Amino acid sequence: MSRLLFMARPPPTVRDVMQHSLAYRQLHERLGNSLSPPGNWHQTLSDRFFEGRGLAKSLQRAGDRVRASACTLLLNRIQGVDRSTPGRRERIHWAFRAKGEPAGFAALVAAVREGLAQEGLASPGGHTPHVTVSYDAPMALGTQKITPIPWTLEELLLVEGGGEPYAYEVIARWPLQPLPACQQLALL
């Protein structure tokens with residue numbers, strides 16, 4: 001069953017740095033086949049919605065309502081988080097994590113949530129700045145500090161996930177408003 005959600009994807013230049021960071025620590029070898037394809041790496045900005053009649057159009061209208069600025073995440077570590085649930089097999093997620101939660105990120109998630117609410121759709125999930133690189137890692141991983149990787153989220157995407165192998169198809173995209181000049185200077 002396909003699923004729909006809002007996300008941002010790191011551009012190829014940022015993805016390349018992330019891949020290098022994994023390779024430098026030989027973490028990609030430890031993940032083996034459980035490493036998600038880099039083209040699927042993303043920052044989730046809404047909960048998942050499972051396809052229903054007219055749902056894609058409602059989600060597109062929600063995306064049309066989003067008014068938010070770009071924001072920059074500073075990915076500064078890789079962690080393995082146990083996502084096991086009672087009665088199911090163990091699942092360990094490895095993800096790049098960001099330092100803190102920038103106000104711009106919280107505002108973007110809130111704007112997406114508000115757009116969805118105006119369409120009668122709820123997205124209460126606790127979205128934190130991260131990029132999962134394995135949803136089913138073969139082992140736990142303590143915090144691995146890395147050279148910080150800045151990633152500016154400049155575009156909101158509505159995607160449909162599914163298929164074999166699993167992939168995301170972009171249904172719609174919206175540019176985010178540029179970062180204010182003072183925030184751009186702070187990144188230098």
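Contact in these views means heavy atoms within 4.5 Å. The model is predicted, so the cut-offs matter: local features need pLDDT of at least 70 and side-chain atom pairs count only at pLDDT 80 or more, while totals for chains, interfaces and linings use all residues. Residues are numbered from 1 along each chain as its sequence is written, and side-chain values use heavy atoms, with hydrogens and water left out.

**View A. Arginine 30 sits in helix 2, which spans residues 27-31.** Helices (H or I, at least four residues) and strands (E, at least two) are DSSP runs, numbered from the N terminus. If you skip residues up to four places away in sequence, arginine 30 touches Trp94, Pro138, Met139, Ala140 and Leu141. For scale, pick the C-alpha atoms of arginine 30 and glycine 125: these residues are 95 apart along the chain, and the atoms are separated by 30 Å.

**View B. Strand 1, residues 3-8, is mostly covered.**

**View C. Strand 1 pairs with strand 8, residues 155-162, in the antiparallel sense.** Two strands pair if DSSP finds at least two bridges between them, and here there are 5. Arginine 3 stands opposite glycine 161 in strand 8, while leucine 4 faces glutamate 160 of that strand. Strand 1 has other partners too. It is joined by 2 bridges to strand 3 (residues 49-50), running antiparallel, and leucine 4 stands opposite phenylalanine 49 there. Another 2 bridges link strand 1 to strand 2 (residues 43-44), again antiparallel, and methionine 7 has threonine 44 as its bridge partner in strand 2.

**View D. Strands 8 and 9 run antiparallel, with 8 bridges between them.** Follow glycine 161 across from View C: in strand 9 it stands opposite tyrosine 168. The hairpin formed by strand 8 and strand 9 has 4 residues between the strands, and glycine 163 in this hairpin takes a positive phi near 90°.

**View E. Tryptophan 174 lies in strand 9, residues 167-175.** Why does tryptophan 174 count as buried? Because its relative accessibility is 14%. Leaving out residues up to four places away in sequence, tryptophan 174 touches Phe6, Leu59, Gln60, Gly63, Asp64, Glu155, Leu156, Leu157 and Leu158. One of these, aspartate 64, also makes a side-chain to side-chain polar contact with tryptophan 174 at 2.8 Å. (A polar contact is a pair of N or O atoms within 3.5 Å; within protein, one must be able to donate a hydrogen and the other to accept it, and residues adjacent in sequence count only if both atoms are side-chain atoms.) The C-alpha atoms of tryptophan 174 and alanine 98, residues 76 apart along the chain, are separated by 23 Å.

**View F. Histidine 130 has its place in strand 6, residues 130-134.** Its relative accessible area is 16%, so histidine 130 is buried. The side chain of histidine 130 reaches the backbone oxygen of threonine 128 at 2.8 Å. What is histidine 130 in contact with, leaving aside neighbours within four places in sequence? The list runs His42, Gln43, Ala95, Phe96 and Arg97.

**View G. A polar contact of 2.7 Å joins two threonine side chains, those of threonine 72 and threonine 152.** Threonine 72 belongs to strand 4, which covers residues 71-82. With a relative accessibility of 15%, threonine 72 counts as buried.

Conventions
Buried means under 20% relative accessible area, exposed over 50%, partly exposed in between (1.4 Å probe, protein chains only).
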